[in-house]
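Visitor: I would like a close look at a single part of this model, followed by a careful account of what surrounds it. Please take your time over the details.

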Amino acid sequence: MARLDFPLLFKSVFRKVRIFFRRQQWEEILIFLSFLLLSTGFWYLESLQDEYEIDIAIPVKYRNVPRDMILSDDNPQNLLVRIKDKGTVLINYMWFNSFSPVDIDMKDALTEKRQHVFMERRTLESIISRQLISSTSLLNIDPPAIQVDYTALMQKEVTVSARVDIQTEPGFQLSDAIRINPAKVHVYARSAVLDTLSAVETELVELKQARKTVTLSVRLKPVPNVRVEPEKVEITVPVEEFTERRFQIPVGCKNLPANYNLRVFPSSVEVICNVPMSKYKDLRLDDFNIQIPFQEFDSNRASGELTVRLTRCPGWIVNPLINPGTVEFILEQKKP
């Protein structure tokens with residue numbers, strides 16, 4: 001089998017390419033293209049000495065808007081300004097110059113009890129002209145004047161609800177209710193919207209493998225057509241290590257008539273609860289009570305069985321377990 005000689009093959013291809021470029025006179029073509037590009041540049045620079053007209057958009061900024069005011073959606077967000085100058089100046093405006101927005105201060109609008117704020121053409125021309133060089137002509141402003149329409153809002157105080165998705169490490173739990181500061185906020189909206197609004201929610205907070213109390217600054221979830229003050233609240237999620245405690249609680253009857261005898265089997269039940277370590281020593285037997293109303297015993301006399309529940313328990317105890325959950329009883333009326 002013949003062996004392919006790569007060096008000889010490469011030299012042959014290179015020789016053919018060099019002959020092709022010589023034949024086509026590429027040196028002359030490159031010279032021609034260079035002069036063409038240079039002449040085009042000179043023509044472009046010459047043409048920029050002529051005057052042109054362009055449109056530039058200048059933003060409108062509404063500042064110091066009172067919290068009990070909402071601006072109409074029809075208010076202009078930009079001014080379309082037509083200017084005239086040499087091309088070199090206009091390119092500078094388009095490429096390098098950033099126009100400052102037209103500021104409209106709304107702080108005195110409600111004080112003066114006006115239904116709109118008006119900025120006339122003369123004022124707009126003065127604001128825009130200060131950003132133009134002396135050779136530039138200001139031809140037109142669209143719209144020629146600005147009338148800012150707004151609506152005064154009603155106010156209401158509503159509660160804040162925390163949205164928290166928490167996963168604690170084994171042996172840790174929420175030790176108390178989640179605290180929110182402030183617990184109530186002011187909302188501003190039209191009266192029809194406020195009538196249906198009783199609370200606002202925080203953005204969702206996700207805590208994973210929590211093992212200690214955390215305090216976070218959280219934004220409130222936006223409500224359409226409603227302004228909320230403040231926009232953030234602090235939420236405190238109390239997390240502690242828990243341990244188990246057990247108590248034997250007697251089952252009693254509330255308002256037992258004197259002419260009745262009641263016997264309960266068993267006479268007491270075990271309450272099993274998880275207790276945060278910081279409150280372990282504070283929890284006492286007296287913090288629990290089981291006193292079931294007589295009417296419940298009387299209405300279940302036929303079955304002789306009743307579900308047991310705690311009638312007194314600390315609020316920070318979560319889902320205590322009662323064992324057994326039901327008791328048997330005998331309710332008898334005393335003989336005269």
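Which residue in β12 is the bridge partner of lysine 156?

Guide: The bridge partner of lysine 156 in β12 is valine 187. This is a predicted model, in which local features need pLDDT of at least 70 and side-chain atom pairs count only at pLDDT 80 or more, whereas totals for chains, interfaces and linings use all residues. Residues are numbered from 1 along each chain as its sequence is written, and side-chain values use heavy atoms, with hydrogens and water left out.

Strand β8 (residues 154-161) and strand β12 (residues 184-189) run antiparallel and are joined by six bridges; strands are DSSP runs (E, at least two residues) and helices likewise (H or I, at least four), numbered from the N terminus, and two strands pair if DSSP finds at least two bridges between them. Both strands belong to an open sheet of four, ordered β13-β8-β12-β16, in which the pairing is mixed. Because β13 (199-201) and β16 (227-229) each have a single partner strand, they stand at the edges, and one side of each is left without a neighbour in the sheet. From one strand to the next the twist averages 40 degrees, taken between N-to-C directions of lines fitted to C-alpha atoms, on a scale from 0 to 180 degrees.

Another set of pairings involves β21. Strand β18 (residues 239-250) pairs with β21 in the antiparallel sense over nine bridges, and valine 275 in β21 is the bridge partner of threonine 243. Strand β24 (residues 321-323) also pairs antiparallel with β21, over three bridges. Seven of the nine residues of β21 are buried, that is, under 20% relative accessible area with a 1.4 Å probe and protein chains only, while over 50% is exposed and anything in between is partly exposed.

Glutamate 270 lies in this strand, β21 (residues 268-276), and stands opposite asparagine 323 in β24. Its side chain is joined to that of arginine 246 by a polar contact of 3.2 Å, where such a contact is a pair of N or O atoms within 3.5 Å, one able to donate a hydrogen and the other to accept it, with sequence-adjacent residues counted only if both atoms are side-chain atoms. Leaving aside residues up to four places away in sequence, glutamate 270 touches Arg246, Phe247, Gln248, Leu321, Ile322 and Asn323, contact meaning heavy atoms within 4.5 Å.
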